[in-house]
Amino acid sequence: AKINLAARKQFAAAQTIARAENRFNLFGVAGIECYGMLNDPNLPAAIAPESVGGKSKWADKINANPTNAANIVYNDVNRLITELFANNGGNLQQDERMILGISNKMLTYLTIPNQYGKTAKQMLQETYSGLQFEQLPELSTDAGEMLYLVVPELLGDQTGFSGFSEKFRTSRLEAHTTWFEQKVMAGTFGVIIRRPTLVATMIGI
């Protein structure tokens, strides 16, 4: 059938390992002191979004004031950036490279224009030129929608990195009469966050 079965299985194994690595980097390994970027116990406590008329979720605040959608989103992200700056004693600049993680469910809120045609994303990048946005579905949590803000590097030092004993290793390919067999291995230490103050989170948007 002209199907390279061995190569396809090797590709599938690599994809499986990559997905597992992503999960461990986010949540670590349950039951041992191996943490990920979302559950490291040394991270600062998450802050809450601004409450307007008793409402804090973006959907509720925007439904109550649809023409102000971009400003509502901008204000909450700016609140999170302000928290990050306050936790780092004047070591961060307004043009600092920052990455804002947001779930796929909430990403489109960044692109709703206000009455002047400006979106929250545009206004944020005008104010903070080093701000980047990354989509992360895992930020839709049981506790609510989360924003995850990180300065990846400061003064030449990484804020955190993925730890592993081996990234991806294969044993030799064993050919049998009607099938192939091969072991694949990887080892993880989760994510090592060296400067927890360079991470800020908001829950409940």
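## Starting at Thr170

Leaving out residues up to four places away in sequence, Thr170 touches Gln182, Lys183, Val184 and Met185; a contact here means heavy atoms within 4.5 Å. Thr170 sits in strand S7. Helices (H or I, at least four residues) and strands (E, at least two) are DSSP runs, numbered from the N terminus. With a relative accessible area of 39%, Thr170 is partly exposed. On this scale, buried means under 20% relative accessible area, exposed means over 50%, and partly exposed is in between (1.4 Å probe, protein chains only). Thr170 and Ala13 are 157 residues apart along the chain, yet 9.7 Å separates their C-alpha atoms.

Some ground rules before going on. This is a predicted model, where local features need pLDDT of at least 70 and side-chain atom pairs count only at pLDDT 80 or more, while totals for chains, interfaces and linings use all residues. Residues are numbered from 1 along each chain as its sequence is written, and side-chain values use heavy atoms, with hydrogens and water left out.

## The whole chain

Step back and you can pick out four helices and eleven strands. The protein's radius of gyration is 21 Å, well over the 17 Å that the globule rule gives for 205 residues, so the protein is more spread out than a compact globule. (That radius is taken over C-alpha atoms, and the rule is 2.2 Å times the number of residues to the power 0.38.) The C-alpha trace spans about 70 × 40 × 30 Å along its principal axes.

Of the 205 residues, 35% count as buried. The protein exposes about 11900 Å², and carbon and sulfur atoms supply 52% of that area; accessible areas come from the Shrake-Rupley method with a 1.4 Å probe, and for residues only the protein chains shown count as cover. Look at contacts between residues at least 6 apart in sequence, and 71% of them join residues at least 24 apart.

## Nonpolar cores

In soluble globular proteins, nonpolar side chains tend to be buried together. Which residues touch the most other members of the largest nonpolar core here? They are Trp58, Leu124, Leu131 and Leu147, out of 33 residues in that core. A nonpolar core is a set of buried Ala, Val, Leu, Ile, Met, Phe, Trp, Tyr and Cys residues joined through side-chain atoms within 4.5 Å. At least two residues of this core come from each of H2, H3, S1, H4, strand S2 (131-135), strand S4 (144-150) and S11. H3 gives the most, with nine residues. Apart from this core lies another one of twelve residues, including Leu43, Leu136, Ile193 and Val199.

Now zoom in on Leu131. Setting aside neighbours within four places in sequence, Leu131 is in contact with Ile81, Glu96, Met98, Leu100, Leu124, Gln125 and Leu149.

## Salt bridges

How many salt bridges does the structure hold? There are five, a salt bridge being a side-chain nitrogen of Lys or Arg within 4 Å of a carboxyl oxygen of Asp or Glu. One of them pairs Lys167 with Glu21, whose closest N and O atoms are 2.5 Å apart. Lys167 belongs to strand S7 and Glu21 to helix H1 (residues 5-27), so this pair ties together parts that are 146 residues apart in sequence. Both partners are partly exposed: Lys167 has a relative accessible area of 43%, and Glu21 comes in at 22%.

Asp76 and Lys61 also meet in a salt bridge, at 2.7 Å from N to O. Asp76 is in helix H3 (residues 69-86) and Lys61 is in helix H2 (residues 58-64), 15 residues apart. Are these two residues buried or exposed? Asp76 is buried at 0% relative accessibility, and Lys61 is buried at 4%.

Leu173 lies in the loop between strand S7 (160-170) and strand S8 (174-175). At 37% relative accessibility, Leu173 is partly exposed.
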